Amino acid sequence: MTFSRRQFLKTGSALGAGALSAPFLGSRAFAAGTIDVGVLFSATGGLSIIEDSMQKATLMAIEEINAAGGVNGMQVKPVIEDGASDPKTFNEKASKLVLQDRVPAVFGCYTSASRKAVLPVFEKRKNLLFYPTYYEGSECSKNVVYTGSAPNQQLDVFIPWIIKTLGKKKFFIVGSNYIYPREMSKVCKILIEQNGAEWVADEYLELGHSEWGAMVSKIKDSGCDVVLSNVVGDSVVAFYREFKNQGLDHATLPICASVTSEIEIAAMGPEYAAGSYTSFPYFQSIDTPENQTFVENYRKFTNDPKAVTHFAMMSCYMQVYLWKLAAEKAAATEPKAIIGAIGGVEFDAPVGKVKVDPDNLHLYLTPRIAQWQADGQSKIVDAAPAPIKPLPYSAYGETAENLFCTGSGLDSTKL
Amino acid sequence: MADTLFIGLSLASILLLVALGLSIIFGSMGVINMAHGELAMIGAYTAVLSGIYLHLNLIAAIPLAFLVTAGVGWLIERLVIRHLYKRIMDTLLATWGIALLLQQAIRLQFGATFFGVNIPGLGTGLQNVSLPAFFQQSWKIGDFVIQPYRSFIILVTIALAVATWALLYKTRWGIQVRAIMRNPEMAAACGIDVRKVSSMTFAYGSGLAGVAGVLLAGFKTVSPEMGATLVVDGFMVVVVGGVGSLVGTAAAAGILGEINGIVSLVSNDILARAVVLALVIGVIMWKPTGLFNFKGR
Amino acid sequence: MKLRLTTRGALEAAAYGTFILVILLLPTVADVFWLNRFAKYLVYGMLGIAVALSWGYAGVLNLGQGLFFGLGAYMVAMTLKLQSETSMQQGADTPIPDFMAWNSQPGALKDLCCIAPGSWLWIPFQSQAFGIAMVLLVPTAVAFLIGWSIFRLRISGVFISIITLALVLLVRLLIVDWQPVTNGFNGLTDLGWLTFGGFEFDPYVVPTYYLVAFGTVAVLLLTRLLVATRAGLVLQATRDDANRARYLGYDVARYQVFFFTVSGLIAGIAGAFYVIASEFASPTFLDLTFSVSMVVWAAVGGRNSLLGACIGAILINTIQATVSESEMLAEAWKAIIGLIFVLVVLFLPRGIAGLARDIAMRLAALLGRGTPAAQPLQKSE
């Protein structure tokens with residue numbers, strides 16, 4: 001983070017473009033051929049372990065865009081704020097970015113709790129948030145562009161695949177105790193029953209919990225043949241380690257995860273995850289020139305030859321470009337213009353071609369299923385044939401034919 | 001059944017591991033060390049760094065981490081705690097500040113990030129400490145699964161507890177510590193160098209935190225924030241057990257660990273946590289001085 | 001002797017007066033963003049007062065002050081959630097908040113009475129007056145119950161800290177786990193605005209700032225008057241030596257319970273104001289970090305001074321915001337804050353208030369209104 005911040009200062013002063021205007025003096029957007037955008041992640045606190053990489057990816061995209069001539073001829077200048085892993089701070093910093101710095105867009109937030117805390121600022125002040133994380137859905141804000149995946153884009157292919165291809169019949173569902181895993185579990189159960197399998201347990205652990213002895217022992221005694229994990233954060237590491245230490249084996253009883261990414265795999269040691277599965281639209285191992293360049297550039301940018309890339313940080317990178325494309329399409333950068341123009345925007349991202357759904361401002365994404373290998377990388381074993389339409393309310397019966405969230409907002413009578 | 005007890009025992013050993021150092025420091029000096037978790041974090045990072053740069057495995061890193069954190073603890077005592085012995089509640093605040101400093105020091109790689117330098121093994125992200133292959137196996141005896149790493153943690157914890165007990169009750173230093181515990185002025189009057197003994201005590205307690213950190217690194221993640229939640233659990237164990245009582249701390253860890261294990265198996269982990277918290281409240285209400293308190297007050 | 005006391009009294013009155021004046025005149029210089037930010041910091045200032053009252057005056061270090069803050073916040077957030085048109089599921093007799101619709105079991109009756117076990121608790125919150133009454137009532141009742149249990153049992157010192165700490169963690173756990181009714185970890189968002197006589201308290205307008213500012217001033221002054229009463233003096237005597245106070249025939253526990261409850265009530269009011277200024281309530285209000293932060297603010301400001309603790313909270317948060325938003329220091333801000341805590345504890349044991357008092361007394365002495373040597377140093381603990 002430091003590295004890139006310093007680079008920005010350099011770039012900024014080289015261009016002589018308002019680099020000296022400290023944020024607290026109230027810098028103005030549109031001044032002297034630059035445009036300020038907000039970047040809001042946690043640089044401190046427990047979530048910084050993930051959000052740090054997301055911030056770097058955002059800054060890298062901004063730097064690339066500036067090097068290629070900026071947005072509508074203007075250089076982009078990030079105003080970086082630290083959410084400190086605390087919703088109170090997120091709320092305060094968001095209102096600073098929107099009301100004081102008057103940025104036309106903010107890229108940021110990782111957890112749903114932080115998004116919910118900043119949401120009133122963006123909705124009531126008619127500003128625009130780009131939210132990069134896969135999340136639980138059930139949101140239809142017209143002031144947020146959701147560039148992560150909705151539950152249906154992670155599970156619609158995954159669950160049937162586990163049942164049909166792996167031949168598993170009894171699911172043990174386990175997650176961290178908050179909204180996202182509980183919503184995922186709800187969607188899972190619907191899909192499991194539709195595909196003729198059953199679930200034997202649905203268990204939760206406190207967020208950040210790292211003591212898995214009892215839970216893994218329960219898994220062992222439950223008679224399940226597959227574990228569906230919606231565990232997030234550093235609990236993941238303790239989970240996979242305990243799983244192996246208690247003598248369980250992914251060959252016979254695989255963990256199929258909706259959130260375990262490259263970053264957790266690297267932290268736990270690949271030997272604990274080898275053989276398990278994850279469903280995500282993006283993996284570092286995707287073999288396209290766009291992705292290879294992305295991984296290479298990211299490692300250069302962070303000065304770390306072993307840096308891993310993962311889905312949420314890739315979304316951070318991608319969403320800056322989506323904003324740029326929308327700004328060019330609208331020939332303006334005001335939030336309202338972007339919101340009007342961004343529907344239908346397409347981009348060749350590291351994850352493949354993505355498109356913003358004009359109905360709900362989520363992305364069309366291609367779900368992929370990968371198996372973790374002994375080297376800490378994934379091998380993609382299956383993928384949807386084409387990008388899938390995002391359905392943020394799929395847990396309540398939303399389908400592509402019967403949309404709950406449309407351009408005119410949420411139809412709450414359908415809930 | 002044996003499985004359940006074993007899980008409870010391993011939970012208890014972690015609790016005791018964390019609480020042991022706190023118990024010494026809090027029990028003998030009255031210092032509420034909010035940076036205890038961060039000292040464990042420093043211990044874990046010692047294991048990470050010694051793995052990367054010295055190619056030491058986890059077990060070899062234990063004595064090294066003990067020395068490093070004991071050194072850090074000694075420094076903290078000399079620079080800050082020493083000046084607060086007359087204002088013991090303030091140690092809580094000062095060590096809270098120290099905890100923030102230590103976290104940020106690791107995150108900023110001791111300032112190296114300001115020069116654009118990246119030190120592998122430090123920084124914001126998660127770090128990986130790999131276990132020796134031996135610890136990754138498991139053996140089955142009938143239905144009972146023996147986990148070498150858990151067993152190792154339990155053994156180390158017992159060894160540390162016994163060593164601490166021996167230090168306190170069988171050595172000259174221990175007698176001095178216990179004298180200071182009862183009455184620091186009287187101890188000083190009898191010719192005990194209270195300052196020296198206190199800094200040694202603090203360093204020893206910190207060293208124990210470091211060992212805890214290394215062992216924790218073997219089954220959870222290493223990150224700058226990993227210590228933040230440890231101190232709360234450790235503190236509860238110490239208070240429930242009775243301040244200043246090593247036996248009490250061990251017993252409290254055992255009871256809380258087993259109850260946690262049993263409830264989470266019978267019901268779920270969330271309820272288990274709630275039960276443990278309620279139990280802590282109940283015990284203090286019922287016996288405000290803790291389950292085992294031999295200290296006359 | 002008498003002269004010195006009046007000097008002190010005058011200085012203190014001047015300090016209170018200046019502080020109140022600054023707060024009330026702030027809208028003439030600050031823009032809406034800073035007003036909103038200061039409204040939040042004034043709320044933190046109230047928390048500082050609550051801590052100073054229980055820690056400085058009663059000698060009770062409550063590490064779970066966030067419990068009352070959280071309760072006050074949730075009470076007002078519940079009623080405001082039900083005022084928010086956008087977040088209600090329309091078309092029912094008793095419309096339910098959006099999150100209940102998606103947290104409920106499939107097929108549950110979509111009515112506030114029975115969509116989830118306990119959701120009926122929300123029904124009376126349809127009245128804003130009820131919600132506000134609960135802000136005052138619930139934290140008070142909970143604080144009273146806790147205080148009554150611990151002080152009757154003569155629990156003291158660090159044991160109170162551990163009980164309150166365990167309690168706040170326990171309640172946090174329950175709120176997160178009771179997701180169908182509380183929206184769990186995400187907390188309550190998309191709230192309506194507080195409405196009085198047709199006026200809506202948008203968090204970014206001047207009247208909302210004044211609402212919080214008047215609230216803070218009222219809390220500050222009333223608490224100051226309260227500690228000067230006989231009851232307040234008995235409380236301080238208890239802090240210094242509980243047994244002696246008992247010998248003198250005072251029912252010590254009664255005083256302790258009373259002030260513990262007042263402290264809880266202040267924190268509850270603060271929670272409610274915070275929700276009005278920030279438009280969300282979250283279980284992170286009950287995080288241990290937050291509760292410890294409050295104690296630190298009070299310590300930096302001066303735990304023996306209500307005004308000092310209040311200013312300490314405002315000051316630290318302002319420093320925190322400025323440092324974390326300056327490009328030079330952004331990365332190191334947490335280290336800087338940590339260092340400030342350590343240095344203040346080491347060198348300013350009585351906090352900023354103590355320092356200010358000493359300086360003011362010296363100045364007053366120099367100006368010939370007292371004897372230079374007569375510097376009333378208080379006991380530092």
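Mentor: Helices and strands in this discussion are DSSP runs, where a helix is H or I over at least four residues and a strand is E over at least two, both numbered from the N terminus. The model is predicted, so local features need pLDDT of at least 70 and side-chain atom pairs count only at pLDDT 80 or more, while totals for chains, interfaces and linings use all residues. Residues are numbered from 1 along each chain as its sequence is written, and chains are lettered from A and ligands numbered from 1 in the order in which they are written.

Trainee: Which residues of chain B carry the UniProt annotation "transmembrane region"?

Mentor: The unreviewed UniProt entry places that annotation on residues 7-32, 52-76, 149-168, 202-222, 234-258 and 270-287 of chain B; UniProt positions follow the numbering used here, feature names are shortened, and annotations may be inferred rather than shown by experiment.

Trainee: Why is chain B called as compact as a globular protein of its length?

Mentor: Chain B has 11 helices and two strands, arranged along the sequence as α-α-α-α-β-β-α-α-α-α-α-α-α. Its radius of gyration is 19 Å, close to the 19 Å that the globule rule gives for 297 residues, so chain B is as compact as a globular protein of that length; the radius is taken over C-alpha atoms, and the rule is 2.2 Å times the number of residues to the power 0.38. The C-alpha trace of chain B spans about 60 × 55 × 35 Å along its principal axes.

Trainee: How does chain C stand against that rule?

Mentor: Chain C contains 15 helices and two strands. For its 381 residues the rule gives 21 Å, and the radius of gyration of 22 Å is close to that, so chain C too is as compact as a globular protein of its length. The principal axes of its C-alpha trace span about 80 × 50 × 45 Å.

Trainee: What share of the residues in chain B is buried, and what share in chain C?

Mentor: A residue is buried if 20 or more other C-beta atoms lie within 10 Å of its own, exposed if 12 or fewer do, and partly exposed in between, with C-beta atoms placed from the backbone. By that test, 59% of the 297 residues in chain B are buried, and 52% of the 381 residues in chain C are.

Trainee: Which residues form the contact of chain B with chain A?

Mentor: Two residues are in contact if their C-beta atoms, placed from the backbone, lie within 7 Å, and the contact takes 34 residues from chain B and 38 from chain A. Helices H1 (2-29), H5 (148-170), H10 (246-266) and H11 (269-286) of chain B each supply at least two residues of the side that touches chain A, and H1(B) gives the most, with four. That side has nine nonpolar, 18 polar and seven charged residues, where Ala, Val, Leu, Ile, Met, Phe, Trp, Tyr, Cys and Pro count as nonpolar, Asp, Glu, Lys and Arg as charged, and the others, Gly among them, as polar.

Trainee: What makes up the side of chain A that touches chain C?

Mentor: There, 36 residues of chain A are in contact with 33 residues of chain C. H3(A) contributes the largest share of that side of chain A, eight residues, and the side divides into 18 nonpolar, 10 polar and eight charged residues.

Trainee: Why are E2 and E5 of chain A placed at the edges of their sheet?

Mentor: Strands pair if DSSP finds at least two bridges between them, and five strands of chain A form an open sheet in the order E2-E1-E3-E4-E5 with parallel pairing. E2 (75-82) and E5 (144-146) of chain A each have a single partner strand, so one side of each is left without a neighbour in the sheet. Between E4(A), residues 129-131, and E5(A) there are three bridges, which meets the pairing criterion of at least two.
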